Amino acid sequence: MSTTRSTAAGKVLEVLAAFDREHPAQTLSEIAQRTGLALSTAHRVVSELAAWGALERGEDGSWHVGLRLWEIAAGCPRTQILRDVALPFMQDLYEVTHENVQLAVREGTELVFVERISGHRSVELLTGVGTRFPVGATGMGRVLLAYAPPDIQGEVLGAPQRAWTPHTVTDPRTLRTQLDRIRREQVFVSDRQLSESTVAVAAPVRIGRKGPVSAALGIVITARGGSGARGLREPLLRAAYGISDELGRRTRTTD
């Protein structure tokens with residue numbers, strides 16, 4: 001039994017954690033099943049969350065995350081300044097490329113996408129704002145892994161890697177070589193690693209030009225146009241450097 005389930009807050013967290021990209025809407029029975037809570041307990045927790053605005057009920061009777069929860073999450077200080085700084089550069093990068101532009105941060109051994117700009121003609125993605133993936137699964141994740149502490153790198157590379165496509169690199173030695181190259185070249189091209197239909201180009205975002213890496217900026221294009229990834233290197237680096245410089249200025253101003 002979960003150690004958090006003995007508390008009221010623990011039950012609330014378990015219900016909220018039941019919602020993810022694969023399960024954006026669920027019935028009360030599905031919530032109870034996914035959390036392991038008794039149906040009566042799940043009903044009480046869901047009702048309280050709905051009254052507060054954290055959950056909302058759709059016309060079909062299923063529950064989904066409510067606007068109140070999104071409003072609170074949007075104020076997360078870790079990402080608020082980053083997103084405010086990055087968004088103008090991301091918009092400029094989109095205008096130059098008209099491809100998917102994404103921003104992500106690392107949390108432990110996972111990657112969390114915090115912002116995205118895409119057009120109606122952009123290739124469809126598996127990722128989206130708020131979604132998580134293993135840090136080694138995506139091009140942006142590997143950029144963040146390249147600058148992660150040694151214990152995080154050891155934990156990720158010491159565990160079996162999922163092969164998302166036939167092209168996914170899962171060998172730890174090859175992955176370490178990739179991480180070394182990322183630190184040298186500052187840009188990584190992820191060729192059909194997460195999806196057979198996409199190629200990603202990613203670069204680190206620092207706090208100041210030489211400061212610690214705080215995020216990864218990436219462009220995702222269709223694999224059919226994978227040869228065009230080479231031409232995205234310079235505009236991507238310019239945007240990443242611009243975000244890094246502005247983050248450095250913001251940090252110095254608030255010190």
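Strand β5 and strand β6 (residues 132–134) pair in the antiparallel sense over 3 bridges, where two strands are taken to pair if DSSP finds at least two bridges between them, and where helices (H or I, at least four residues) and strands (E, at least two) are DSSP runs numbered from the N terminus. The structure is a predicted model, in which local features need pLDDT of at least 70 and side-chain atom pairs count only at pLDDT 80 or more, whereas totals for chains, interfaces and linings use all residues. Residues are numbered from 1 along each chain as its sequence is written, and side-chain values use heavy atoms, with hydrogens and water left out.

Strand β5 also pairs with strand β4 (residues 100–107), again in the antiparallel sense, over 7 bridges. Val 112 in β5 stands opposite Val 105, and the bridge partner of Val 112 in β6 is Arg 132. The hairpin formed by β4 and β5 has 2 residues between the strands, and Gly 108 in this turn has a positive phi of about 65 degrees. Of the 8 residues of β5 (residues 110–117), 6 are buried, so this strand is largely enclosed by the rest of the structure; buried denotes under 20% relative accessible area, exposed over 50%, and partly exposed the range in between (1.4 Å probe, protein chains only).

Helix α7 (residues 150–157) packs with helix α8 (residues 172–185) at an angle of about 145 degrees, with their axes 10 Å apart; axes are lines fitted to C-alpha atoms, for helices over the stretch in contact, and angles run from 0 to 180 degrees between N-to-C directions. In this contact (heavy atoms within 4.5 Å), Gln 153, Gly 154 and Leu 157 of α7 meet Pro 172, Leu 175, Arg 176, Leu 179 and Arg 183 of α8.

Among residues that are not glycine, His 98 has a positive phi of about 55 degrees; His 98 lies in the loop between α5 and β4 and is partly exposed, with a relative accessible area of 45%.
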